[in-house]
Amino acid sequence: MLVPQEEVSREAQSNHSAGGRGLTECGCELNCAAAVQRGSPGWVVSAQPPALLRRATWEDFNLHIFLISHTEAFIRQMMKADLEAPLSAGSCSAAIQCRDVCRSYGKLKVLSSLNLTVPQGQIYGLLGPSGCGKTTLLKCIVGTLKISRGYISVLGKPPAFPGHEVPGRMVGYMPQDIALYNEFTICNTLWFYGRIHGLSSKETEDRMNFLIDFLDLPQKNSLVRNLSGGQRRRVSLGAALLQNPQLLILDEPTVGVDPVLRAKIWQHLVEIVRGGQVSVIITTHYIEEARQANTVGLMRNGRLLAEANPEEVMKQHNAVTLESAFLQLCEDSDQMGSKDSPEGPAHTNSPSPDSLRDESRELLRNNLSTATDIPKLKADWKVKARHVIPKWRNIAALTIKTMVRMRRNPGSLCFQFLLPVIQICLMCLCIGGDPKGIEVAVVNNETSSSAYSRSLLSFLDNTSIIQVNMSHNEAFDRIRNGEYWGVIEFGQNFTSYLTKRMLQPRVSRDVVEGGSVHIWLDLTNRQIAIMLQKKLHEAFQAFVESKMGSLAYLVAVPVKFEEPIYGSHNTDFTTFVTPGAVLSITFYLAVGLTALSFVLERKEGLMDRCWVAGVSSLETMLAHLFSQLLVISVQIILLLLFILLVFKIPNEGSLALVVTLIVLQGVTGISFGLVISSAIDDEQSANQAALGIFYPNLIISGVIWPVECIPYPLRYLSLALPQTYASEALRCIMYRGWGLSRMMVWRGFAVTLGWNTFFLILATIILKLRT
């Protein structure tokens with residue numbers, strides 16, 4: 001309600017003179033402090049009813065009743081005009097304006113209807129306890145987080161507006177985390193951000209020399225990982241100051257810094273804002289050091305409790321220190337929250353202080369949310385196009401960054417180059433060859449040295465099959481114990497019976513049985529059993545040819561296999577597996593190289609810092625693609641050298657097509673790894689996602705077993721995988737000599753390109769949505 005100002009002054013003076021107490025002890029603090037000093041000259045809005053004014057007269061009380069009943073609209077108009085005045089006056093000179101800003105993570109509301117104004121050319125200290133939303137607010141201001149509701153203007157335009165270098169060169173950002181590449185030197189760090197901001201070599205060198213001297217940094221060739229915590233934080237501050245930004249946002253810059261350097265940093269901040277061209281917003285846990293700021297904002301539970309000059313805040317709350325004023329604001333905020341709770345007292349129809357406060361909040365909310373306060377900006381289509389098109393300087397800087405990090409880890413880099421060679425060597429040496437040293441029990445009931453059984457056994461491949469002579473019973477006992485893989489038995493009259501079978505057109509069944517080789521095999525290992533059958537068949541064919549000469553055809557199987565159209569009679573399983581294995585190794589090593597790249601950078605705050613510097617998600621994707629492509633190229637060269645020159649895998653087609661298809665599969669693996677790292681936040685989940693698709697894809701994509709063996713429901717899924725058609729195309733190129741004119745070849749290229757494009761677009765979209 002409106003109260004005569006002289007009445008309040010008389011009351012306050014009498015209270016203070018009587019009790020000798022301060023403003024916060026006399027019991028009339030709301031009157032004495034003139035809680036809401038508004039209205040026409042000679043009047044104040046009192047937060048106390050007239051009964052609490054000790055020397056109020058009956059005429060004054062009647063006057064209060066009159067004002068209560070007739071001037072409610074007048075009060076609202078004055079309050080609205082007063083709330084509108086600072087907004088309109090400061091709109092042209094504000095570096096940052098936040099109006100009714102809300103930000104939520106699911107059901108958790110971090111920022112709630114927050115209003116903040118950072119004047120141009122001033123230092124703004126943003127204070128508040130941990131978890132109150134300071135870092136979230138800063139990320140919204142620099143454009144790395146989208147707000148759920150409200151409006152933010154930074155240097156005259158919303159963040160990420162086309163053509164506006166926020167995020168970009170106009171803003172310098174020091175995150176709460178160190179957010180530095182450990183493999184970089186101090187020089188590498190500053191050069192990296194200098195390239196992104198478009199600084200010339202001379203500008204970067206001059207600024208680097210100044211910052212190293214100003215921040216008392218070690219030698220510029222010192223590795224970041226070898227620096228102390230305080231030195232790393234100073235390097236992080238130097239990266240934010242590098243390009244002389246118009247807006248400097250520092251999140252806890254003085255944590256872990258000694259008092260002398262802390263004072264030096266504040267002195268530098270005061271100097272750079274003196275010209276009125278640079279604005280600084282700084283958060284700090286050291287509340288008292290924020291007294292050096294021009295304006296402080298006291299934040300709690302996602303709201304701004306106060307925003308004023310530090311001295312005014314302390315004076316208003318009669319506090320000796322800024323920390324005491326902040327604590328008192330927090331207590332007042334908690335009391336207001338308890339009064340607003342459902343258990344609070346019921347409101348009467350009279351305009352109580354709480355109702356007036358609520359009305360002022362509503363007026364502020366309505367006033368700040370009107371469409372007239374939010375400028376409608378439009379960008380030319382050329383500006384929008386330049387905003388979307390990736391900048392090659394950023395891509396080059398990010399690619400050089402990745403290569404420098406690789407060079408600083410030579411052991412890891414050599415392992416990446418040698419790992420595919422190791423895998424292909426193990427595959428060619430261990431898969432597809434004939435078993436060696438297979439022990440077989442031989443039961444030979446013929447005793448003659450010229451018996452056919454001995455001659456036949458001599459043709460067996462002794463490198464693959466080891467013959468062990470023993471009796472019938474012993475042989476079966478040992479094969480049942482798993483000591484031997486088979487039993488070969490010859491009858492007592494094998495030679496005579498076999499001779500009769502070869503010379504006589506018709507013989508009895510006993511002769512057939514007596515002239516046969518009886519073999520029992522352990523078929524639990526099919527590969528060994530097939531090898532034994534093959535070797536025994538080859539030995540028998542050689543034996544027949546040696547005994548019958550030109551008449552060997554009389555006992556040959558009436559099926560003749562001519563020279564193969566493609567391949568050779570000696571083609572083994574290794575030849576079938578190798579093309580698919582090369583593609584799988586290339587694909588999954590590429591996935592492994594990139595699946596953790598964004599996860600680790602996001603966890604360490606490196607990605608946020610690059611985005612604030614003006615790097616787009618597309619530029620990040622392309623830079624990772626180019627840098628990893630260099631590694632993949634070296635791996636592919638080593639792979640081809642080993643499979644073609646060392647293991648003599650045949651290649652009848654174009655080597656250029658072979659290399660191109662393998663490279664495209666590597667790019668597809670990189671793209672899929674980028675999808676994983678874009679969508680997942682922690683290393684364990686990223687590793688599980690990468691490993692989870694390895695075996696299913698390897699089994700049903702036709703790499704180690706023909707697709708034709710897969711049942712039809714799964715075969716359709718197999719044909720949709722990135723490596724099925726690609727493996728088939730690579731086999732056609734290498735073993736059939738086909739080119740792109742054949743459908744089975746160009747189909748493999750088309751499917752690979754399709755998956756590659758899909759993964760890249762998906763990763764870019766996910767990364768864009770998450771930023």
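The count of salt bridges in this predicted model comes to 17. In general, side chains of opposite charge can pair when their charged atoms come close. One of the pairs joins Arg-405 to Glu-183, with the closest N and O atoms 3.0 Å apart. This pair links distant parts of the chain. Arg-405 sits in helix 14, which spans residues 392–407. Glu-183 sits in the loop between strand 7 (171–174) and helix 6 (186–196). The two residues are 222 residues apart. Glu-183 has a relative accessibility of 14% and counts as buried, because the cut-off for that class is under 20%. Glu-183 and Arg-405 also belong to a network of salt bridges, together with Lys-401 and Glu-601.

Arg-291 takes part in two of the pairings described here. The side chain of Arg-291 meets that of Glu-288 in a salt bridge, at 3.4 Å from N to O. Arg-291 also forms a salt bridge with Glu-311, where the closest N and O atoms are 3.6 Å apart. Arg-291 lies in the loop between strand 9 (279–283) and strand 10 (295–300), and Glu-311 lies in helix 10 (residues 310–316), so this pair ties together parts that are 20 residues apart in sequence. The three residues are partly exposed. Relative accessible area is 30% for Glu-288, 34% for Arg-291 and 43% for Glu-311.

The chain as a whole has 771 residues, and buried residues make up 45% of them. Its secondary structure comes to 30 helices and 15 strands. Among contacts with a separation of 6 or more, 74% are between residues 24 or more positions apart. The accessible surface of the chain is about 38700 Å². Carbon and sulfur atoms account for 57% of that surface.

The largest has 62 residues. Within this core, Ile-123, Phe-192, Leu-250, Leu-269, Val-280 and Leu-322 touch the most other members. Helix 6 supplies the largest share, six residues. Val-280 illustrates the packing. Leaving aside neighbours within four places in sequence, Val-280 is in contact with residues including Val-118, Ile-123, Tyr-124, Leu-248, Leu-250, Leu-269 and Ile-272. Gln-122 is also one of the contacts of Val-280.

Gln-243 is found in the loop between helix 8 (229–241) and strand 8 (247–251). Its relative accessibility is 6%, and Gln-243 therefore counts as buried, the limit being under 20%. A polar atom of the Gln-243 side chain lies 3.4 Å from the backbone oxygen of Arg-169. Not counting residues up to four places away in sequence, Gln-243 touches Gly-168, Arg-169, Val-171, Gly-172, His-197 and Leu-199.

Val-646 belongs to helix 24 (residues 617–646). Val-646 is partly exposed, with a relative accessible area of 48%. Trp-392, in helix 14, counts as exposed at 57% relative accessibility, because the cut-off is over 50%. The C-alpha atom of Trp-392 is separated from that of Ala-623 by 9.3 Å. These two residues are 231 residues apart along the chain.

Most residues other than glycine have a negative phi, and most peptide bonds are trans. The peptide bond from Val-166 to Pro-167 is cis, with omega near 0°. Pro-167 is found in the loop between strand 6 (149–154) and strand 7. Asp-216 is not a glycine, yet has a positive phi of about 55°. Asp-216 is placed in the loop between helix 7 (201–214) and helix 8, and is exposed, with a relative accessible area of 54%. Asn-301 likewise has a positive phi of about 55° although it is not a glycine. Asn-301 is located in the loop between strand 10 and strand 11 (303–308). Asn-301 is exposed, with a relative accessible area of 57%.

Conventions: Residues numbered from 1 in each chain as written. Predicted model: local features only at pLDDT ≥ 70, side-chain atom pairs only at ≥ 80, totals over all residues. Heavy atoms only, no water. Helix = DSSP H or I, 4+ residues; strand = E, 2+ residues; numbered from the N terminus. Buried < 20%, exposed > 50% of the residue type's maximum accessible area, 1.4 Å probe, protein only. Polar contact = N/O pair within 3.5 Å; in protein donor to acceptor, adjacent residues only side chain to side chain. Contact = heavy atoms within 4.5 Å. Salt bridge = Lys/Arg side-chain N within 4 Å of Asp/Glu carboxyl O. Areas by Shrake-Rupley, 256 points an atom, 1.4 Å probe, with all protein chains shown as cover. Core = buried A, V, L, I, M, F, W, Y, C linked by side-chain atoms within 4.5 Å.
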